[in-house]
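Please walk through this model with the sequence alongside.

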Amino acid sequence: MSTQAKVAIGGVAVGVILLWLLPFWAAVLVMVGIPAVAYLTLDPSQRRRLRRAGRKQIGR
């Protein structure tokens, strides 16, 4: 199993546990807020690298 698949499965598991333990709005806030804050803490050059890495570039 690839590393990305393991991370995805772990994320889904954490999401289900949060929905079970917390009210819906709090669980959604945590699941959306943590990645958003992590992205905003990157400096501009890291954000550019992350956006480029997410796209498939033709010829590379």
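L18 sits in helix α1. Is this residue buried or exposed? L18 is buried, because its relative accessible area is 17% and the cut-off for buried is under 20%. This is a predicted model, and the values here are computed from it.

What does L18 touch? Leaving aside residues up to four places away in sequence, L18 contacts A27, V30 and M31. Take V30 from that list. Twelve residues along the chain separate L18 from V30, and their C-alpha atoms are 8.4 Å apart. Helix α1 covers residues 3–21 and helix α2 covers 24–40.

Now step back to the whole chain. How many helices and strands does it have? The protein chain holds three helices and zero strands. Along the sequence the pattern reads α-α-α. The chain has 60 residues, and 7% of them count as buried. L18 is one of the buried residues. The accessible surface amounts to about 5500 Å². Carbon and sulfur atoms account for 70% of that surface.

Next comes the nonpolar surface. Which residues build the nonpolar patch? I17, W20, L21, L22, V30 and I34 form it, and the patch spans about 640 Å². Helices α1 and α2 each contribute at least two residues to the patch. The largest share, three residues, comes from α1.

L22 lies in the loop between α1 and α2. L22 is partly exposed, because its relative accessible area is 33% and that class runs between 20% and 50%. The value of 33% for L22 also passes the patch cut-off of over 30%.

The last stop is charge. Which residues form the positive surface patch? They are R48, R49, R51 and R52. R51 belongs to helix α3, which covers residues 44–54. Its relative accessible area is 41%, so R51 is partly exposed. That places R51 in the class that also holds L22.

Note on methods
Residues are numbered from 1 along each chain as its sequence is written. This is a predicted model: local features need pLDDT of at least 70, side-chain atom pairs count only at pLDDT 80 or more; totals for chains, interfaces and linings use all residues. Side-chain values use heavy atoms; hydrogens and water are left out. Patches are made of residues with over 30% relative accessible area and no salt bridge: like charges are joined within 9 Å, nonpolar side chains (Val, Leu, Ile, Met, Phe, Trp, Tyr) within 5 Å. Accessible areas come from the Shrake-Rupley method with a 1.4 Å probe; for residues, only the protein chains shown count as cover. A salt bridge is a side-chain nitrogen of Lys or Arg within 4 Å of a carboxyl oxygen of Asp or Glu. Lys and Arg count as positive and Asp and Glu as negative; His and the chain ends are not counted. The place of a charge is taken as NZ of Lys, CZ of Arg, CG of Asp or CD of Glu. Helices (H or I, at least four residues) and strands (E, at least two) are DSSP runs, numbered from the N terminus. Buried means under 20% relative accessible area, exposed over 50%, partly exposed in between (1.4 Å probe, protein chains only). Contact means heavy atoms within 4.5 Å.
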